[in-house]
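Thanks for coming, everyone. Please bring the model up on your screens, and we will walk through it together.

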Amino acid sequence: MDDEIAEDVFSSIDLRVAKILSVEDHPNAEKLYVVQVDLGTEKRQLVAGLKTHIKKEDLPGKNVVVVANLEYAKLRGIESQGMVLAADNGKELVVLTVPDGKAGESVVASGIGKKAAQALKFADFQKIDMKVGKNKEIVYKNTVLKTESGKTVCAEIGEGAKVR
């Protein structure tokens with residue numbers, strides 16, 4: 001069983017709760033926002049492809065889930081230091097939230113250990129199959145994702161929507 005846990009790709013992802021501080025239009029892209037977040041011990045800038053789905057004024061103050069160890073990338077000239085996670089059903093896109101979460105708190109899947117948080121390649125992130133469950137909670141391999149303090153990660157979208 002320990003080998004199975006060590007080999008699970010989910011063990012290499014560092015998901016954390018982040019509080020959105022501000023959102024601005026990306027100066028060089030019609031579909032992107034530049035988002036400032038608080039990860040508890042640090043603040044980061046993320047570039048997020050949410051603009052065609054979510055009004056920027058609806059995002060500040062939300063506790064969202066981010067991939068904190070995704071390799072940094074420049075998107076249309078602006079550095080992104082992680083990624084805001086969202087659920088997509090093909091028609092609509094909504095961010096993953098932890099309404100009562102605390103900025104910086106880790107998000108875990110029970111029974112899956114964690115490796116040291118090395119930079120995760122986007123291609124490796126894409127191998128992690130997370131979906132929205134029947135109660136709008138986020139699941140990975142039939143396990144509900146929760147914060148360290150037990151708060152459930154959710155998305156206001158129907159069952160089966162894919163997390164990306």
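The second largest pocket has a volume of about 160 Å³. This is a predicted model, where local features need pLDDT of at least 70, side-chain atom pairs count only at pLDDT 80 or more, and totals for chains, interfaces and linings use all residues. Residues are numbered from 1 along each chain as its sequence is written, and side-chain values use heavy atoms, with hydrogens and water left out.

A word on terms. On a 1 Å grid over the protein atoms alone, a pocket is an open set of points where a 1.4 Å probe fits, with protein on both sides within 12 Å along at least five of seven lines. Lining residues have an atom within 4 Å of a point. Volume is the space filled by probe spheres set on the points, with grid points joined across faces, edges and corners.

Who lines this second pocket? Among them are H53, D58, K62, T97 and E156. By class, its lining has six nonpolar, two polar and three charged residues. Ala, Val, Leu, Ile, Met, Phe, Trp, Tyr, Cys and Pro count as nonpolar; Asp, Glu, Lys and Arg as charged; the others, Gly among them, as polar.

Now the largest pocket. Its volume is about 480 Å³. It has 22 lining residues, and V47, M83, V84, F122 and R164 lie nearest its centre. Which elements give two or more residues to this lining? They are strand 3 (43–48), strand 5 (73–75), strand 7 (83–84), helix 2 and strand 14 (162–163). Helices (H or I, at least four residues) and strands (E, at least two) are DSSP runs, numbered from the N terminus. The lining of the largest pocket divides into 15 nonpolar, four polar and three charged residues.

Next, aromatic rings. A search of the whole structure finds two aromatic pairs. Rings of Phe, Tyr and Trp (its six-membered ring) pair if their centres lie within 6.5 Å; planes under 30 degrees apart are stacked, over 60 edge-to-face, and the rest tilted. The rings of F10 and Y140 have centres 4.7 Å apart and planes at 25 degrees, so this pair is stacked. F10 sits in the loop between helix 1 (2–7) and strand 1 (15–25), and Y140 in strand 12 (residues 138–140), so the pair ties together parts 130 residues apart in sequence.

Buried or exposed? F10 is buried, at a relative accessible area of 0%. Y140 is buried too, at 4%. Buried means under 20% relative accessible area, exposed over 50%, partly exposed in between (1.4 Å probe, protein chains only).

On to the other pair. F122 and F125 have ring centres 6.0 Å apart and planes at 35 degrees, so they count as tilted. Both lie in helix 2 (residues 122–125), three residues apart, about one turn of the helix. F122 is partly exposed at 41% relative accessibility, whereas F125 is buried at 3%.

Last, the strands. Five of the six residues of strand 2 (residues 33–38) are buried, so this strand is largely enclosed by the rest of the structure. Strand 2 pairs with strand 1 in the antiparallel sense over six bridges. Two strands pair if DSSP finds at least two bridges between them. S22 has Q36 in strand 2 as its bridge partner. Strand 2 and strand 3 also pair in the antiparallel sense, over six bridges. There, Y33 has A48 in strand 3 as its bridge partner. Their hairpin has four residues between the strands, and G40 takes a positive phi near 90 degrees.
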